[in-house]
Amino acid sequence: MPFLTSPVLTAGTLARHPQPTLATGDGLLLRPWRAEDASAVYEVFQDPVMHQWHARAADSEEEVAGWIRDWHRAWKEEREAHWAVTDADSGSLLGRVALREIRLDDGTAEVAYWTVPAARGRGIAVRATSGLTRWALDETGFHRLELLHAVRNEASCRVASRTGFTLEGTKRGAVLHPDGWHDMHLHARVRGD
């Protein structure tokens, strides 16, 4: 059965180019992950705050190295796009920002992020999310980006609000964490917002 609409983004929109490094214009670089980042990511995932709001843990640097390889494959397969958030001057790792659940035909993706403990409270997630959002909506042509976070995660709610993601509702019992099912706030931005 034929579709009555054309794809928002065509296959190859991402994969026909190497994953770009994105300068946010305010002191951050979003760059593709490198194999040597594995130890720093492993350390971040030992932090209890990460365990509170993420369903995933890291048992070893080798496991994280596998994640990084998977993130590179995900770009080539146009399923996901993951960036290391770094200080533009020192190159130090400050966090991660990503597009998950990419659907090129619909021009949609889900924004995800985290920051290293020492970078929290400094606006890193806001600046990185803003930079990624500009690239995705304005430069690449995505139509809609969604952002989900646990209702109790007030810091993530502030990031969503400060980056222009409108609260659209609550997904009840949507994500299972070690402490049980979490209700999730659904925020979104649409191209042109």
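This is a predicted model: local features need pLDDT of at least 70, side-chain atom pairs count only at pLDDT 80 or more; totals for chains, interfaces and linings use all residues.
Colleague: Let's start with the charged side chains. How many salt bridges are there?

Modeller: The general idea is a distance test: a Lys or Arg side-chain nitrogen within 4 Å of an Asp or Glu carboxyl oxygen. By that rule, the count here is ten.

Colleague: Okay, give me a case. Which residue forms a salt bridge with R127?

Modeller: That's D26, with the closest N and O atoms 3.4 Å apart. R127 sits in helix α4 (residues 124-140), while D26 is in the loop between β1 (22-23) and β2 (28-32), so this contact ties together parts that are 101 residues apart in sequence.

Colleague: And how does R127 count for accessibility: buried, exposed or partly exposed?

Modeller: Partly exposed, because its relative accessibility is 25% and that class runs between 20% and 50%. D26 comes out as partly exposed too, at 36%.

Colleague: Where do R73 and D70 lie?

Modeller: Both are in helix α3 (residues 61-76), three residues apart, or about one turn of the helix.

Colleague: What about R152 and D179, are they buried or exposed?

Modeller: Both are exposed. Their side chains form a salt bridge too, at 3.2 Å from N to O. This pair links distant parts of the chain, 27 residues apart: R152 is in the loop between β6 (144-150) and α5 (154-162), and D179 is in the loop between β7 (166-177) and β8 (180-190).

Colleague: Which residues do salt bridges with shared partners join into one network?

Modeller: R144, E146 and E168.

Colleague: Where does E101 lie, then?

Modeller: E101 is in strand β4 (residues 93-103). Its phi is positive too, near 50 degrees, and again the residue isn't glycine.

Colleague: And their accessibility: is E78 buried or exposed?

Modeller: E78 is buried, because its relative accessible area is 11% and the cut-off is under 20%. E101, on the other hand, is exposed, with a relative accessible area of 53%.

How values were computed. Residues are numbered from 1 along each chain as its sequence is written. Side-chain values use heavy atoms; hydrogens and water are left out. Helices (H or I, at least four residues) and strands (E, at least two) are DSSP runs, numbered from the N terminus. Buried means under 20% relative accessible area, exposed over 50%, partly exposed in between (1.4 Å probe, protein chains only).
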